[in-house]
Amino acid sequence: MLRRVVRQSKFRHVFGQAVRNDQCYDDIRVSRVTWDSSFCAVNPKFVAIIIEASGGGAFLVLPLQKTGRIDKVYPTVCGHTGPVLDIDWCPHNDLVIASGSEDCTVMVWQIPENGLENPLSEPVVVLEGHSKRVGIVSWHPTARNVLLSAGCDNQIIIWNVGTGEAMINLEDMHPDVIFSVSWSRNGSLLCTACKDKKVRVIDPRKKKIVAEKDKAHEGARPMRAIFLADGNIFTTGFSRMSERQLGLWKADSMDEPICVQEMDTSNGVLLPFYDPDTNIVYLCGKGDSSIRYFEITDEAPFVHYLNTFSTKEPQRGMGYMPKRGLDVNKCEIARFYKLHERKCEPIIMTVPRKSDLFQDDLYPDTAGPDPALEAEEWFAGKNGGPILISLKDGYVSTKNRDLKVVKTNVLESKPATKAENISVVQKHASPQPSVVSVRKIEDKLEEVLREFKSLRDRVILQDRRIARLEEQVAKVAM
């Protein structure tokens with residue numbers, strides 16, 4: 001009699017658990033836009049959710065601890081004139097978020113340290129260059145202030161947010177709509193999935209296609225492609241018979257897949273979320289009520305099914321918490337923020353362990369918030385892997401610097417710099433002797449603006465206090 005050998009893996013018993021109702025975010029009108037993005041972005045401070053908004057596009061930014069019912073008049077980020085299609089938190093600054101919209105623009109926002117008290121309609125910088133709606137925004141994983149956007153004009157633009165300039169434009173590589181764009185681990189390559197059924201590996205700085213695969217999945221419905229930590233590519237798509245598939249490919253030779261597996265016949269697009277530390281891929285289908293997870297290894301069949309987390313409610317979108325935002329004392333290895341029609345529900349993935357001591361094998365050093373490169377260094381051709389941090393004592397967020405945008409003055413014959421939006425600016429260029437005096441003036445201005453801001457806050461507090469006292473006096477008089 002043959003005995004079936006069960007593959008040994010420390011993630012074989014990972015289980016998902018939805019939090020209690022009072023820890024959910026309720027009464028949120030999640031966007032109904034028919035665009036296959038996740039509609040939700042999370043970091044260790046905030047959860048951002050794209051919502052229905054009349055007369056333009058908006059998204060909510062909620063501090064993680066602000067659970068329960070969200071007031072209808074809660075302030076939103078509302079500067080776009082068309083619906084917002086995608087949002088992405090900056091991996092190097094937990095207060096900075098980028099958004100792409102149907103109004104053909106990309107906007108970068110600075111969120112106040114304690115969240116929004118008033119609606120935010122003034123972005124730090126507006127990036128204009130697309131001629132059709134912008135459906136994908138994605139920050140560079142290791143270089144500060146480098147942002148990618150992809151639009152329905154079939155072009156990818158890579159921006160230097162610190163200067164507000166479009167530095168690289170990849171416009172003749174995709175003949176049709178781009179479904180997904182993924183950076184490699186050190187951000188030197190891009191991997192794209194397109195409506196023409198091709199998966200392409202692109203060197204953006206050389207503007208060159210390094211490898212491509214035609215009909216990676218033969219079905220007509222949208223595909224997704226992401227880079228893994230070892231440089232391989234993981235794809236999700238549909239077969240010719242409309243069965244959902246996942247595939248694993250070598251980035252340098254995509255002629256034959258490492259493996260392709262069929263899953264089921266549902267028609268929801270699979271959104272892959274990848275954890276490079278544990279090599280686990282989580283697949284969340286739009287309209288599904290489940291999250292499937294797989295471990296990727298070097299042994300056949302290479303993509304090993306682990307388990308499925310299921311609920312009754314279908315998901316409209318999904319947010320994925322970076323590793324540094326997890327509770328390591330509870331052996332939490334992933335946390336999702338599942339969007340329902342009217343609420344957002346956190347789901348915690350846990351490895352069952354008896355000990356509550358720090359588990360080194362579950363938490364290898366992970367990517368921290370510090371960038372390895374400045375934008376100028378990356379555009380000049382330099383590469384750098386993520387700067388890793390240990391989670392042994394838990395992640396403690398440091399004070400984030402304000403985002404600075406220094407726009408070059410094109411009217412000057414010599415390249416001069418002019419500081420704009422100094423209250424929300426962050427200088428990232430390496431210091432040069434010629435701009436020392438300008439830097440001093442900027443520092444003084446920033447100091448004055450800080451004092452002005454604290455005075456203004458004090459005046460607002462006094463106004464509120466006076467209003468409360470007047471109310472009390474009126475009650476006493478009655």
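Residues are numbered from 1 along each chain as its sequence is written, and side-chain values use heavy atoms, with hydrogens and water left out. Because the model is predicted, local features need pLDDT of at least 70 and side-chain atom pairs count only at pLDDT 80 or more, whereas totals for chains, interfaces and linings use all residues.

**View 1. Salt bridge between Glu 218 and Arg 240.** A salt bridge is defined here as a side-chain nitrogen of Lys or Arg within 4 Å of a carboxyl oxygen of Asp or Glu; the count by this rule comes to 22. In the pair shown, the closest N and O atoms are 2.4 Å apart. Glu 218 belongs to the loop between strand 19 (208–214) and strand 20 (224–227), and Arg 240 to the loop between strand 21 (233–238) and strand 22 (244–249), 22 residues apart. Strands (E, at least two residues) are DSSP runs, numbered from the N terminus. Glu 218 is partly exposed, at 31% relative accessible area, while Arg 240 is exposed, at 65%. Buried denotes under 20% relative accessible area, exposed over 50%, and partly exposed in between (1.4 Å probe, protein chains only).

**View 2. Salt bridge between Arg 244 and Asp 264.** The closest N and O atoms of this pair lie 2.8 Å apart. Arg 244 is located in strand 22 and Asp 264 in the loop between strand 23 (259–262) and strand 24 (270–275), so the contact ties together parts that are 20 residues apart in sequence. Both Arg 244 and Asp 264 are buried.

**View 3. Salt bridge between Asp 277 and Lys 323.** Here the closest N and O atoms are separated by 3.5 Å. The loop between strand 24 and strand 25 (280–285) holds Asp 277, and the loop between strand 28 (317–320) and strand 29 (332–339) holds Lys 323, so the pair ties together parts that are 46 residues apart in sequence. Asp 277 and Lys 323 are both buried.

**View 4. Network of Asp 27, Arg 69, Lys 72 and Arg 342.** Salt bridges with shared partners join these four residues into one network.

**View 5. Cysteines Cys 259 and Cys 331.** A disulfide requires a pair of cysteine sulfur atoms within 2.5 Å, and a search of the whole structure finds zero. For Cys 259, the closest cysteine sulfur, that of Cys 191, is 15 Å away, too far for a bond. Cys 259 is buried, with 11% relative accessibility; Cys 331 is likewise buried, with a relative accessible area of 3%.

Technical notes
Helices (H or I, at least four residues) and strands (E, at least two) are DSSP runs, numbered from the N terminus.
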